[in-house]
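Below are some numbered comments on the model, for use alongside the coordinates. They cover backbone, salt bridges, packing, surface and confidence.

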Amino acid sequence: MAWTEEADPQTYAVIGAALAVRVELGPDFLEIGYAKALELEFQERSIPYEREVPVPMIYRGKPLGVPFRVDFVCFGDIMLEIKSIPRTGQRERRQLIHYLKASGFERGLLLNFGDERLQIERAVGPRRLAKLSPDSVFSPAPQTEQPQT
């Protein structure tokens, strides 16, 4: 099934908020600046979110007490990890995959504000994660034309 706004309107809403932040701020800020701006954009758009959500790591039924935190959880079930680096790679993708596996969430977004254009990668999991490599778990989001700043 193709990934469309009708199929996943919540993910599209989050991406729309991220695009608005990127258009307004451009590519040259630290991650914390984008996170604060996203919070304001989520509030303006009435997108429910939690910030710096703990992601527990469990081993043989016991919590390990490892202090992982995902940047945002939107709509109660979309993990959002943000970066502000020249280019995302396997390390950043695996971080989100880890969070999806640990939490049991089905949807995740990796947003990188530090590239020339906003990099948007969508991950699905965790059921499919057991069978797929990190490269095949991630799909690029549909290209949305950004106004030139």
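1. Phe-75 sits in the loop between S4 and S5; helices (H or I, at least four residues) and strands (E, at least two) are DSSP runs, numbered from the N terminus. Its phi is near 55 degrees, a positive value in a residue other than glycine. Phe-75 is partly exposed, because its relative accessible area is 24%; buried means under 20% relative accessible area, exposed over 50%, and partly exposed in between (1.4 Å probe, protein chains only).

2. On the basis of these comments: this is a predicted model, in which local features need pLDDT of at least 70 and side-chain atom pairs count only at pLDDT 80 or more, while totals for chains, interfaces and linings use all residues. Residues are numbered from 1 along each chain as its sequence is written, and side-chain values use heavy atoms, with hydrogens and water left out.

3. A positive phi also occurs at Arg-60, a residue other than glycine, with a value near 50 degrees. Arg-60 is placed in the loop between strand S2 (58-59) and S3. With a relative accessibility of 73%, Arg-60 counts as exposed.

4. The loop between S4 and S5 also holds Asp-77, and strand S6 holds Arg-107, so their pairing ties together parts that are 30 residues apart in sequence. The two residues form a salt bridge, with the closest N and O atoms 2.6 Å apart; the term requires a side-chain nitrogen of Lys or Arg within 4 Å of a carboxyl oxygen of Asp or Glu. Asp-77 counts as partly exposed, at 31% relative accessibility, whereas Arg-107 is buried, at 16%. Salt bridges with shared partners join Asp-8, Asp-77, Arg-107 and Arg-122 into one network.

5. How many salt bridges does a search of the whole structure find? The search finds nine. One of them links the side chains of Arg-45 and Glu-41, at 2.7 Å from N to O. Arg-45 is partly exposed, with 38% relative accessibility, while Glu-41 is buried, with 15%. Another joins Glu-81 to Lys-83, whose closest N and O atoms are 3.4 Å apart; both Glu-81 and Lys-83 are buried.

6. Turning to the packing, a nonpolar core is taken as a set of buried Ala, Val, Leu, Ile, Met, Phe, Trp, Tyr and Cys residues joined through side-chain atoms within 4.5 Å. The largest such core has 22 residues, of which Leu-38, Phe-42, Leu-80, Ile-82 and Phe-113 touch the most other members. At least two residues each come from helix H1 (9-25), helix H2 (31-44), strand S4 (68-74), strand S5 (78-83) and strand S6 (107-112). H1 gives the largest share, six residues. In soluble globular proteins, nonpolar side chains tend to be buried together.

7. Which residues does Phe-42 touch, not counting those up to four places away in sequence? They are Val-14, Ala-17, Ile-47, Tyr-49, Phe-72, Cys-74 and Leu-80, a contact being heavy atoms within 4.5 Å.

8. Val-124 belongs to strand S7 (residues 119-124). Val-124 is buried, with a relative accessible area of 16%. Its C-alpha atom is separated by 8.1 Å from that of Leu-100, a residue 24 places away along the chain.

9. On the surface, Tyr-59, Leu-64 and Val-66 form a nonpolar patch with about 260 Å² of accessible area together. Patches are made of residues with over 30% relative accessible area and no salt bridge, with like charges joined within 9 Å and nonpolar side chains (Val, Leu, Ile, Met, Phe, Trp, Tyr) within 5 Å. Accessible areas come from the Shrake-Rupley method with a 1.4 Å probe, and for residues only the protein chains shown count as cover. Val-66 lies in the loop between strand S3 (62-63) and S4.

10. Last, confidence: pLDDT is the predictor's confidence in each residue, from 0 to 100. The chain has a mean pLDDT of 82, and 80% of its residues reach 70 or more. Confidence is highest in H2, at a mean of 97, and lowest in helix H4 (residues 134-137), at 42. Over residues 128-139 the pLDDT stays under 50, and the model has 23 contacts beyond four places in sequence for them. Where pLDDT is low, the predicted coordinates should not be read in detail.
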